[in-house]
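Please examine the strands of this model and the way in which they pair. The account below follows them in turn.

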Amino acid sequence: MTRPATVVWAGPEEGAVVEVSATGDAARAVGDHVPGLVAEKVASRLAAHDPTLWGEAAEAEAAVRLAWTDLHATSRALLAPLRALREELAAEGVDRVVLCGMGGSSLAPEVVAGTAGAQLTVLDSTDPDQVRRALDGDLRATVVVVSSKSGSTLETDSHRRIFEAAFADAGIDAASRIVVVTDPGSPLHEAATAAGYRAVFEAGPHVGGRFSALSAFGLVPSALAGVDVEQLLDEAAEVAEVYAEDSEANPALVLAAALAGTEPLRDKIVLRDAGSGLFHLGDWVEQLVAESTGKDGTGLLPVVVGSRAPELDGAAPDVLPVVLLPLTDDAAPGSDDSSGADDDAARTEVTVAGSLGAVLLLWENAVAIAGRLLGVNPFDQPDVEAAKSAARGLLESTPPPERPAFEDSGVEVRASAELLGGADTVAGAVEALLATLGERGYLAVMAYLDREGRAADLLGDVRADLAARTGRPVTFGWGPRFLHSTGQLHKGGPAVGAFLQITGEAEHQVLVPGRDFDLAALLAAQAAGDAAVLAGLGRPVLRLHVTTPDALAWLAGVLAGPVNP
């Protein structure tokens, strides 16, 4: 019987601990691949910024995307100015921080601030109701952090314009309340400097968004919200040398091999948090894994689950359970010689535990190395722009509204006639979509709704309900947030997904100053554009538009449907 592969590394000081364990097929993958990674000096070459690790085609991109391995040291230059700015704002009675950013600009700060218990309002949606709620906060106590590498991100640019106008309407000098994080020399950098914004923090241009957790993108909003980001950097620094070691005890190599080395590949990575204490870490890992690996027809699909996870009940052969654990003094599962060793070896599972800084850097190293094992460039995102372009095209051309195939109980149904196959009810349309799932398929639920409002309560169990109903992994993403995360894998990864889009009517109208559209139009264009790109790639897409408040609750019941015995 194969013994579990377990790595436990404890740093020289309390708090700098990371643990990775693998059992079953994951342990076999570690045994199969880690010795080769060590022999090829992959860990030390990654730390030395070797762009040849992912092949000739990826070399040019990798050459300008590896500075993240040093951020635990290089980001320390931010600490003093951040401390000074926070003190200045506090003296002015400004202690509410709103972050406007998408993807890598918002997911890491959300984890960092939430883990520390700091209040940070993350605005990564174009849903008018969610934006309205952020605007309704105390503007006199608010500073807005606008985070974008270029500033061209449509959602973030819209948020900036909206808050500028809101500050002005409230008699507040907008420039004094806006802090920018961007790349040096970017259009946003130039515009922010010209406008005289409160502060402009430059992020390293050789760091990609999803690898930027320890850069200005992760640190600036977190520090202004009151997080001790120096501790975060210290936690990462104490394990950085370990991740750079060409050793079979390197936790990053173990995790990379477990994620990307199973045979056949377990490419549905089901992430379950078992009390790790790291706030919404799975959402950050989701983007890192999906955008980095989901391309060229391959990739690892992260499936973030809650307390109900049917995917883990007798897990399918393409499912890899990954459990996020709290740090304890106990050894990782399978690391002792107890009588349960054979059971541990038979059960396929990966566990990860660590302090936040150590875990962030762990996953970044492991995913970069997993890209090498999968044969993909982990630093590009060739399919993300397609949905953005489609949305912009719809906004510019303002085509007539697309007619639904039919309406049922306040829900408009849109799908190809081929997919619907004569269905004339929502229940029938959903059955038709689910019938497209193959034995290695997955369902992606994409809700372009207010993720902090009533929709979150009504749809809270839908992911698990559909997983129980289909017996297949189900992901749930809030739009347009997921477009900067799993959107890449949906289009560039394995063509085994089925896509269920849910849209609705907003209660509020929020205009975008200087633009010919409001947020409702932008959100509708983003949803329609993404659906069009997916359909153009031959992916099955069902679009359900909820027209009345009561219809969403009814729809949730329809989606739950019958549960397979």
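Strand β11 (residues 349-354) is largely enclosed by the rest of the structure, because 6 of its 6 residues are buried, that is, under 20% relative accessible area with a 1.4 Å probe and protein chains only. E349, T351 and A353 point one way from β11, whereas V350, V352 and G354 point the other way. Strands here are DSSP runs of E with at least two residues, and helices are runs of H or I with at least four, numbered from the N terminus.

The model is predicted, so that local features need pLDDT of at least 70 and side-chain atom pairs pLDDT 80 or more, while totals for chains, interfaces and linings use all residues. Residues are numbered from 1 along each chain as its sequence is written, and side-chain values use heavy atoms, leaving out hydrogens and water.

Two strands count as paired if DSSP finds at least two bridges between them. Strand β2 (residues 17-23) pairs with β11 in the antiparallel sense over 6 bridges, and V18 has G354 as its bridge partner in β11.

Note on methods: Buried < 20%, exposed > 50% of the residue type's maximum accessible area, 1.4 Å probe, protein only.
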